[in-house]
Amino acid sequence: MFGRGYWTDAAVFATVMNPFTQSTTPGGDGFDSWDAFDPDRAPAPGPFLEGHDVLAGDDHLAFHRLTRELFEERGVYDATFGYNLARLNLDRRHPDAGFRYAVDADEPSILRAEFTPTTEFCPQAEALVTGAFRAWNGLADRHEYDLVRVRAHPLHHQSDALDAEIERLETEFRETGTVPGAESDADAATGDGTTAQSPF
């Protein structure tokens with residue numbers, strides 16, 4: 001397991017060395033604002049959110065700004081682009097990717113979060129949804145929900161398997177009150193399944 005400093009350095013290295021990040025560095029013109037919600041630049045809610053109270057406007061913005069803070073604290077970064085995963089929602093190159101949220105219609109103390117990756121074969125999807133689940137539920141004292149349920153959009157070719165694994169973690173969390181594997185958040189947060197010997 002690596003310390004926070006390692007992953008910060010890794011993220012900086014990825015940003016410098018990865019050509020995909022060069023045109024959308026923070027402060028550049030490649031991102032939308034954290035304070036503006038444009039439904040045309042947000043992923044369409046998928047089947048996991050169907051029939052539930054999908055957050056939009058200020059409600060979406062407020063939870064997504066909190067998401068940015070939690071992901072930063074837990075190091076949930078997209079290794080391809082070298083930035084906090086919450087920033088994917090603002091990346092103008094990928095207006096259909098990122099997170100959407102909905103309050104559960106039957107249990108308002110539960111928030112549903114659906115992740116739409118940039119491609120159907122996104123190799124980081126498992127680590128990203130796992131890292132997101134652990135960040136939201138491991139820091140549950142920072143928001144009003146007892147549980148944040150996470151699923152991958154069916155766009156991803158392995159969404160069924162990803163969702164089954166997240167559902168297993170969710171069940172364990174509900175039974176024990178402890179986020180499974182929270183001690184390995186840093187490993188999951190890199191999103192690329194690498195090891196200490198090969199961080200990239």
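1. The structure holds 12 aromatic pairs, where rings of Phe, Tyr and Trp (its six-membered ring) pair if their centres lie within 6.5 Å, and planes under 30 degrees apart count as stacked, over 60 as edge-to-face and the rest as tilted. One of these pairs is stacked, that of phenylalanine 81 and tyrosine 83, with 5.5 Å centre to centre and 20 degrees between the planes. Phenylalanine 81 counts as buried at 6% relative accessibility (buried means under 20% relative accessible area, exposed over 50%, partly exposed in between, with a 1.4 Å probe and protein chains only), and tyrosine 83 counts as buried at 6%.

2. This is a predicted model, in which local features need pLDDT of at least 70 and side-chain atom pairs count only at pLDDT 80 or more, while totals for chains, interfaces and linings use all residues. Residues are numbered from 1 along each chain as its sequence is written, and side-chain values use heavy atoms, with hydrogens and water left out.

3. The rings of phenylalanine 99 and phenylalanine 115 have centres 5.0 Å apart and planes at 45 degrees, so this pair is tilted. The pair links distant parts of the chain, 16 residues apart, with phenylalanine 99 in strand β4 (residues 98-103) and phenylalanine 115 in strand β5 (residues 110-116); helices (H or I, at least four residues) and strands (E, at least two) are DSSP runs, numbered from the N terminus. Phenylalanine 99 is buried at 0% relative accessibility, and phenylalanine 115 at 1%.

4. Ring pairs join Phe63, Phe71, Phe99, Tyr101, Phe115, Trp136 and Tyr145 into a cluster. Among the 37 residues of the largest nonpolar core, Phe63, Phe71, Phe99 and Trp136 touch the most other members; such a core is a set of buried Ala, Val, Leu, Ile, Met, Phe, Trp, Tyr and Cys residues joined through side-chain atoms within 4.5 Å. The largest share of this core, 6 residues, comes from α3.

5. Helix α4 has 18 residues and reaches 25 Å from its first C-alpha to its last, close to the 26 Å expected at 1.5 Å a residue, the expected span being 1.5 Å times one less than the number of residues. Its buried residues are Ser159, Leu162, Asp163, Ile166, Leu169, Glu170 and Phe173. Seen down the axis of α4, they fall within an arc of 125 degrees, so they line one face of the helix, the arc being that of the directions from the helix axis to the C-beta atoms. On the other side of α4, Asp160, Ala161 and Glu175 are exposed.
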